[in-house]
Amino acid sequence: MPQTPPEPIGTADGDRSTIYRVLSNPLRRRMLAYLQQHREANSTSLAKALGESTGTTSYHLRKLAELRFVEEIPERSTGRERWWRALPIQLEAPDPGVMDPAEFAALAERAREQAKHDIDLYYRVLTQYEGPEGWAQAFRGGFWMSKEELLGFLNEYKQLQWKYGHADPREAPEGARLMALRTYVVPEPPDEAAGENEQAEG
């Protein structure tokens, strides 16, 4: 059954510049990645896995919870031992032209950290590719599209992710694995030489 995407995380849970700063923090990103991969953890298990102190992981877990990146698991938490799970994240950035300087700076820092991670993912695809039926896959394409067609394509692509994917690991079928999906679409720059030829012919 198709799932419903979560509401975008926004000013209801903190201003966007704060959210971007949280996501650009290397340790918090590693903690979120661990929780997404292992489904649940406490400050002790995170500290052991990431080589940090329990005080540090406990502090960052509370900060992540304030912005609803994680939530406590009440049925597992007893006394001072609190267990946590990651929440689905839906974050939509606005046009950078309408951002204030602090927000744009935080977004740019997050983008730089994401780029480093995405390069590593690309090389993992190259080394883990086992043919068209394997887990690791890569796609490249180039099509002429109008703005309307592009937005329609992206909308359907997002819907397909929620049709076939599971944001909550407890709802995923046996054998499911956490998949890293990345999509970038950008217009090719205009061919200046072609433009000059068209003007000359005209």
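The following legends describe an overall view and two close-up views of a predicted protein model.

**Figure 1. Overall architecture of the predicted model.** The protein contains 7 helices and 3 strands, where helices (H or I, at least four residues) and strands (E, at least two) are DSSP runs numbered from the N terminus. Along the sequence these elements follow the pattern α-α-β-α-α-β-β-α-α-α. Of the 202 residues, 24% count as buried, that is, under 20% relative accessible area with a 1.4 Å probe, protein chains only. Residues are numbered from 1 along each chain as its sequence is written, and side-chain values use heavy atoms, with hydrogens and water left out. Because the model is predicted, local features need pLDDT of at least 70 and side-chain atom pairs count only at pLDDT 80 or more, whereas totals for chains, interfaces and linings use all residues.

**Figure 2. The largest nonpolar core.** This core, a set of buried Ala, Val, Leu, Ile, Met, Phe, Trp, Tyr and Cys residues joined through side-chain atoms within 4.5 Å, has 17 residues. Those with the most contacts inside the core are M31, L32, L46, L61, L64, F69 and V70. Two or more core residues come from each of α1 (16–24), α2 (26–38), α3 (43–50) and α4 (54–66); α2 gives the most, with 5 residues.

**Figure 3. Lining of the second largest pocket.** The residues N42, S43, T44, S58, L61, R62, R80, E81, R82 and W84 line this pocket (on a 1 Å grid over the protein atoms alone, an open set of points where a 1.4 Å probe fits, with protein on both sides within 12 Å along at least five of seven lines; lining residues have an atom within 4 Å of a point). α4 gives the most to the lining, with 3 residues.

Key: Buried means under 20% relative accessible area, exposed over 50%, partly exposed in between (1.4 Å probe, protein chains only).
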